[in-house]
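Work through the exercises below with the model in view. Each task is followed by its solution.

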Amino acid sequence: MRFSINPHIEKVIFPPIVEIKRSVVGDAAPCGKPYIDLCQAVPDYPPAREMVEALTARLHEPETALYTSDEGLPEVREAVCRRYRRMYGASLSADSVCLTVGASQAFWLAMVALCAAGDEVILQVPFYFDYDMALGMMGIRRVYAPFREESGGLPDAEAIEALITPRTRAILLVTPSNPTGVVIPPELLDRLFETAKRAGVALVVDETYADFIAGGARPHGLFGRPDWRDHFVHIMSFGKTYAMTGYRAGLLIGSERFLHQAMKAHDTMAICQPTPTQIALGYGLDRLDEWVASNRRMMERRHDRFREEFTAPGNPFALVASGAFFAWIRHPYRGASGWSVARSLIEKAGLVTLPGEIFGPEMSRYLRVAFGNIVEERIPEAVSRFRELKGEEAG
Ligand SMILES: Cc1ncc(COP(=O)(O)O)c(C=O)c1O
């Protein structure tokens, strides 16, 4: 008799980027056009040269090859605190910071520390698919806060409050949003914090794209609240900030009470963030603010260009929301699944996008476009391929 597999994981979708890339064969699409990859949010530029050099200079030191303490090197966590003071006006202590293997692992630590199987987490639709997948395989019930197109997918504090039950453990948000790019305004985050406080649940916020908020605006003031530790958990990835996605640089910020428990999971999963990653991060956190800001300005130019080209009259695809690396668009093929439209875009236009349904129920009318993936000069070409599909049937 074959061994059985966890039925929770069997029900989870296959990694959608891997799945969609199976349809991308060779260099050019069946229509003859070279592919334009708009499906994954990865900076197309390398990390700062001086950061790589600083790491290279330390690679021969024996300590670079060793574990660090589970939570990470104190000097790196202190550099995190200094950066959070500049960026958020926060006065954090290094004890509130745990360095993790990407934001992905920070998320697992948070959920394992907060929830047991059968508990509930509220997710705003459209959600970041990896988080929905992870919760599914942990046997945690996902409760979906519905998408409101007119607000571009911003959460509605009352709607979320109405979904809270005695089993709710967390409200999970991503701002700027993956997939819509929408930034939750600080006042709304404050209201959601109050909602979480009233219910005695955690407000877990992933801010992976915080460094790409237009104008470099302060993301929120939650760290300034005297009671933030009782209700707020922050997840961050430095993968996009410092163009180091492969270094797997993430972090988790929360109260010492919460991190004490999360550390147990960290020890069993990874022990610590890779030491070379910590060294690179330790360099970048204090020295690369201007490098990060100039990349943000470049992304803003891509965004402006994308919006301008995409929303000019005559496009059968509608721009519903956008920001940071992403645009959330509505396709014109009523009744067709997002998967069939995404596959058809690959075949007929060489455009690789992600189908809406992986981001939540009833999302098949939408596609996610990661315009952050392509240089500004390629944007008109990418957008013109959407526009040329006018009148054609997809799927
Ligand atoms: C919203 C969001 N959170 C987390 C991650 C994963 O981050 P990391 O590569 O640091 O694990 C991503 C990656 O694209 C993301 O978009």
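**Exercise 1. Find the helix that gives the most residues to the shell around the ligand.**

Step 1: Helix 5, residues 102-114, gives the most, with three residues. Helices here are DSSP runs (H or I, at least four residues), numbered from the N terminus.
Step 2: In total, 13 residues surround the ligand. A residue counts as near if one of its heavy atoms lies within 4 Å. Ser104, Asp206, Tyr209, Ser237 and Arg248 are the closest.
Step 3: Sort the shell by class: five nonpolar, five polar and three charged residues.

This is a predicted model: local features need pLDDT of at least 70, side-chain atom pairs count only at pLDDT 80 or more, and totals for chains, interfaces and linings use all residues. Residues are numbered from 1 along each chain as its sequence is written, and side-chain values use heavy atoms, with hydrogens and water left out.

**Exercise 2. Give the distances from the polar side-chain atoms of Tyr131 and Lys240 to the ligand.**

Step 1: For Tyr131, the distance to a ligand nitrogen atom is 3.5 Å.
Step 2: For Lys240, the distance to a ligand oxygen atom is 2.8 Å.
Step 3: Now the cover. Alone, the ligand exposes 400 Å², and the protein buries 91% of that (Shrake-Rupley method, 1.4 Å probe).

**Exercise 3. Which helix supplies the largest share of the lining of the largest pocket?**

Step 1: Helix 2 (16-21), helix 5 and helix 6 (129-137) each supply at least two lining residues.
Step 2: Helix 6 has the largest share, four residues.

Methods
Polar contact = N/O pair within 3.5 Å; in protein donor to acceptor, adjacent residues only side chain to side chain. Nonpolar A, V, L, I, M, F, W, Y, C, P; charged D, E, K, R; others polar.
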